[in-house]
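I am opening a notebook on this structure. The entries below follow the order in which I looked things up.

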Amino acid sequence: MAVLALLVIWSAPTHAAGSLKDYLAGTKPGELIQGGDRYGEIEGVPPLAPIYSGSRKIGYAYLNTDFSNAVGYSGKPIRILVGIDPAGIIRGIKLVEHKEPIVLIGIPQAKVVAALNSLIGKDLSRVAAGAEQLPQVVIVSGATVTVLVMSDSVVRSAVKLIRSNRLGATSSTATPVAQTLVKKPDLSKSEIRDWTSLLGDGSIRSLRLTVGEVSDAFAQAGRPEASAKAETTNPGDRFIELYVAPVSVPTIGRSLLGDAGYERLQKKLKPGQQAIVVAGDGAYSFKGSGYVRGGIFDRIELLQDGQGVRFRDRNHTRLGDLAAKGAPSLREIALLSVPDEFSLDLTEPWELQLLVQRSYGARDKAVLPFNVGYTLPDRYLSVEQPIQEAVKPSLDRTAPTISTSAEASAAAIPDEEPLWMKIWRLDTVSVVITAAALLVLTAIFFFQNWLLRRPRLFAWVRRGFLVFTLVWLGWYANAQLSVVNVLTFINSLITGFSWEFFLSAPLIFLLWAAVAAGLLFWGRGPFCGWLCPFGALQELTNNLAQWLKVPQITLPFGLHERLWPIKYVIFLGLFGLSLYSVGLAETYAEVEPFKTAIILKFAREWPFVIFALAILVAGLFIERFYCRYLCPLGAALAIPGRIRMFEWLKRYPDCGSPCQRCAKECPVQAIHPEGQINVNECIYCMHCQELYHDDHRCPHMIQVRLKREKFEALSSPSSRGKGPVKPVIAFKGKPIEQSSPVPSSTT
């Protein structure tokens with residue numbers, strides 16, 4: 001504990017405010033702009049730090065979060081230092097702080113940083129002027145949302161800085177004074193129109209792609225490996241049919257949403273806020289699955305005037321169908337309110353960008369953008385008198401994030417389906433399989449006596465269930481519980497509990513519900529012994545080792561008993577650390593090899609792989625070595641497991657005194673020499689209960705069987721009239737006299 005506390009203090013950040021000055025203190029100027037040797041005085045709001053090479057100013061350093069939002073999966077800001085020269089070219093990027101769990105515990109941070117570094121050398125002054133589209137970074141499979149959020153933040157912050165004319169160079173976005181026709185959406189025009197007329201005059205814009213067209217696009221982009229991984233075998237199949245329309249325009253909104261839906265939308269939107277409908281059908285989903293975990297739609301982006309924004313789940317309302325007469329039946333229909341930090345001007349052209357993602361390897365992914373351009377038809381616009389004005393670059397497109405009242409208003413829409421319900425519906429098959437497996441396990445536990453009287457059948461049932469747990473539940477569904485789940489749950493009770501957060505992972509929620517019920521009936525055993533994929537991996541590999549005659553090590557019970565507390569110390573250390581920083585606790589939770597062996601299937605940096613393999617190798621000689629001595633999750637479950645209400649494990653009066661057979665054969669040494677079972681350490685493998693019913697291995701049951709056989713022999717018709725029959729009783733292969741006492745122990 002003392003060592004862990006010292007590590008925490010040593011690794012704790014020295015800055016509290018997270019300001020530009022704090023982060024520059026640990027960053028050399030040359031890391032942001034080559035040749036830089038010193039920083040100048042920080043100036044302005046948001047703050048900028050000039051970078052000098054000798055006496056010459058060569059650029060500026062700034063913090064992305066001072067200019068734009070950068071919130072990923074963790075819900076915490078991703079802070080990046082950016083070096084930019086006076087011409088608006090990105091010269092350097094440094095990731096200085098984040099709490100993204102997928103990077104902390106899985107995807108190598110160097111891989112994410114390498115993707116982000118593809119922005120270095122990009123001239124964002126042309127993006128700020130609207131002459132070029134937003135640059136695209138290389139997507140990292142497994143961290144798509146994180147990379148997109150980071151790159152968007154760097155680009156948007158740089159564009160905003162360039163348009164503010166604070167870089168000292170002549171801005172290409174400024175123009176002389178000119179006469180401008182003031183156009184505004186005409187909110188007085190409101191009518192109901194059918195689908196064909198809306199599509200015909202451009203009120204609804206569409207994008208149609210076939211599987212073959214997308215494959216050809218990947219081939220032309222130099223990605224033949226992605227081109228070969230088509231969604232269907234027929235190139236003529238529909239890849240996607242995508243429709244886009246601004247429903248905050250009265251006629252379009254009433255036609256597509258219906259009067260009631262349009263009125264609900266108007267109550268939800270803030271003054272000046274816009275909303276669009278995106279609908280699609282085909283082999284490709286424009287929603288994807290990124291929003292399921294992190295709440296961010298990673299396949300679509302709204303673009304206008306060099307700026308872009310992605311939608312989050314709080315901006316989204318699912319629609320079952322479109323109200324316009326003649327509208328087709330579409331698989332996905334989303335009503336999306338434009339986030340507050342992006343001011344969409346409907347009088348100017350804008351685009352919806354669709355990112356087409358194709359995976360072509362275990363962890364490799366290629367991405368291509370396809371844009372749907374939109375210009376609001378003149379029939380929906382009103383033109384006011386020309387006025388004299390200086391056309392200036394669009395400055396601040398940022399605003400406070402969506403307020404609590406807006407979120408509450410969105411939640412109040414009666415027909416809006418909660419996000420977690422959508423996730424459960426998408427995972428219906430996995431949920432059904434997992435629920436069926438839990439029912440089977442429940443039946444095994446409730447009817448254990450019948451099953452344990454058939455040892456061979458029980459052995460096949462147990463090994464079969466462990467294979468299911470490892471292969472399907474672990475490697476396929478990635479439903480491996482972790483001590484991080486426990487720490488997150490406790491932290492949520494302190495900071496603000498939300499059921500929707502936990503319901504967003506159906507299989508994890510089902511398993512935790514089963515574990516909670518199991519704690520009341522059997523303690524931690526049902527999870528540790530049956531539902532933990534890594535535990536199953538340990539037991540199956542040890543069974544294989546025993547079959548190969550690998551010698552097994554049995555620790556003296558005194559030493560074994562003193563090694564038990566290690567896992568409790570580890571758990572308490574992680575728990576205390578989580579009260580200080582959940583992110584730091586998640587990092588130290590790497591003491592669990594679950595992510596390496598189960599979630600990432602050993603596709604990780606070599607130190608993590610060696611650690612996981614070392615634990616598995618130790619388990620070849622000491623069965624379930626990790627479960628016994630190191631697992632903080634087992635310790636966390638053992639503590640509430642003491643409140644169990646039933647005692648299912650049966651014992652005889654002579655168990656432990658004098659018989660020691662169960663204690664010696666317990667795979668995890670959870671039975672004391674005195675005979676009692678320590679349920680805190682028991683994994684409920686039921687081996688002791690199998691012995692309990694075996695009248696050829698349990699000394700107590702041997703005596704019962706011998707008495708029964710003697711009684712049956714005396715009662716048989718063939719023995720009547722011939723005097724008492726003296727049966728021959730053998731023990732350990734040697735005949736013993738009937739008058740001699742039957743040994744009560746085989747040990």
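Which helices each supply at least two residues of the lining of the largest cavity? I found helix H30 (661-665), helix H31 (687-692) and helix H32 (699-715). Helices here are DSSP runs of H or I with at least four residues, strands are runs of E with at least two, and both are numbered from the N terminus.

**Ground rules.** I note that this is a predicted model, where local features need pLDDT of at least 70, side-chain atom pairs count only at pLDDT 80 or more, and totals for chains, interfaces and linings use all residues. Residues are numbered from 1 along each chain as its sequence is written, and side-chain values use heavy atoms, with hydrogens and water left out.

A cavity is a set of points, on a 1 Å grid over the protein atoms alone, where a 1.4 Å probe fits but cannot get out; lining residues have an atom within 4 Å of a point. Grid points are joined across faces, edges and corners, and a volume is the space filled by probe spheres set on the points. I counted eight cavities of 30 Å³ or more.

**Whole protein.** I read off 32 helices and 18 strands. Of the 747 residues, 50% count as buried, where buried means under 20% relative accessible area, exposed over 50% and partly exposed in between (1.4 Å probe, protein chains only).

**Cores.** A nonpolar core is a set of buried Ala, Val, Leu, Ile, Met, Phe, Trp, Tyr and Cys residues joined through side-chain atoms within 4.5 Å. The largest has 74 residues, and Phe527, Trp530, Phe534 and Leu633 touch the most other members. Apart from it lies another core of 59 residues, including Ile204 and Leu319.

**Ala612.** This residue sits in helix H27 (residues 606-621). Is Ala612 buried or exposed? Ala612 is buried, because its relative accessible area is 0%. Leaving aside neighbours within four places in sequence, I list Pro593, Thr596 and Phe602 as its contacts, a contact being heavy atoms within 4.5 Å.

**Arg310 and His316.** Arg310 lies in the loop between strand S11 (307-309) and S12, and His316 lies in strand S12 (residues 316-318). The Arg310 side chain makes a polar contact with the side chain of Glu301 (3.2 Å). For His316, the partner is the side chain of Lys287 (3.2 Å). A polar contact is a pair of N or O atoms within 3.5 Å; within protein, one must be able to donate a hydrogen and the other to accept it, and residues adjacent in sequence count only if both atoms are side-chain atoms.

**Backbone.** Most residues other than glycine have a negative phi, and most peptide bonds are trans. The bond from Val45 to Pro46 is cis, with omega near -5°. Tyr684, in the loop between H30 and H31, has a positive phi near 55°.

Notes. 1 Å grid on protein atoms, 1.4 Å probe; cavity = no way out; pocket = protein on both sides within 12 Å on 5 of 7 lines; lining within 4 Å.
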